[in-house]
Amino acid sequence: MSTIYFKKILLAGFNEEQESQLKDLFPEIKFLSTDNIDLDKEKADALIASTRLAFDKIFTAEFVETNKSIRWVHAPGAGIESYLFPNLEGSDIVMTNGKIIQG
């Protein structure tokens, strides 16, 4: 039996069909869309983005500061240097990326 570490995952840049597939595959996880969520009320454990545009809209230094429940952030593609905000260093957030998934 596997352990679920992230019970609420915030999705950025996913379409309705992709979100639905994730919900079907992982019914024990609550997936939240960045398109229709109040981050002040819903506290997610993780953020996963499928596009750089969607990631840029949500993942800011302010996001890191105000969303203390986030423990994992997955950025699409490589090149995450511009997201290594000063307040990210020393935080509990683990940041991963999709390096080399295109080729």
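This is a predicted model: local features need pLDDT of at least 70, side-chain atom pairs count only at pLDDT 80 or more; totals for chains, interfaces and linings use all residues.
1. F55 and F59 are both buried.

2. On the overall fold, the chain has three helices and five strands. Along the sequence these elements follow the pattern β-α-β-β-α-α-β-β.

3. The five strands make up an open sheet with parallel pairing, in the order β2-β1-β3-β4-β5. The edge positions are taken by β2 (30–33) and β5 (94–97); each has a single partner strand, so one side of each has no neighbour in the sheet. Direction ignored, neighbouring strands of this sheet are turned by 20 degrees against each other on average.

4. Within the sheet, β1 (residues 8–12) pairs with β3 (residues 46–49) in the parallel sense, over four bridges. For L10, the bridge partner in β3 is L47.

5. S33 deserves a separate entry. Is S33 buried or exposed? With a relative accessible area of 9%, S33 is buried, because the cut-off for that class is under 20%.

6. Two polar partners of S33 can be listed. The side chain of S33 makes a polar contact with the side chain of E19, at 3.3 Å. A polar atom of the S33 side chain also lies 3.1 Å from the backbone nitrogen of D35. If neighbours within four places in sequence are left aside, S33 is in contact with L10, L11 and E19. Of these, L10 is the residue whose bridge partner in β3 is L47.

7. On overall dimensions, the radius of gyration of the chain is 13 Å. A compact globule with 103 residues would have a value near 13 Å, so the two agree. Taken along the principal axes, the C-alpha atoms fill a box of roughly 35 × 35 × 30 Å.

8. Among contacts between residues at least 6 apart in sequence, 53% join residues at least 24 apart.

Notes. Residues are numbered from 1 along each chain as its sequence is written. Side-chain values use heavy atoms; hydrogens and water are left out. Buried means under 20% relative accessible area, exposed over 50%, partly exposed in between (1.4 Å probe, protein chains only). Two strands pair if DSSP finds at least two bridges between them. Helices (H or I, at least four residues) and strands (E, at least two) are DSSP runs, numbered from the N terminus. Axes are lines fitted to C-alpha atoms, for helices over the stretch in contact, and angles run from 0 to 180 degrees between N-to-C directions. A polar contact is a pair of N or O atoms within 3.5 Å; within protein, one must be able to donate a hydrogen and the other to accept it, and residues adjacent in sequence count only if both atoms are side-chain atoms. Contact means heavy atoms within 4.5 Å. The radius of gyration is taken over C-alpha atoms; the globule rule is 2.2 Å times the number of residues to the power 0.38.
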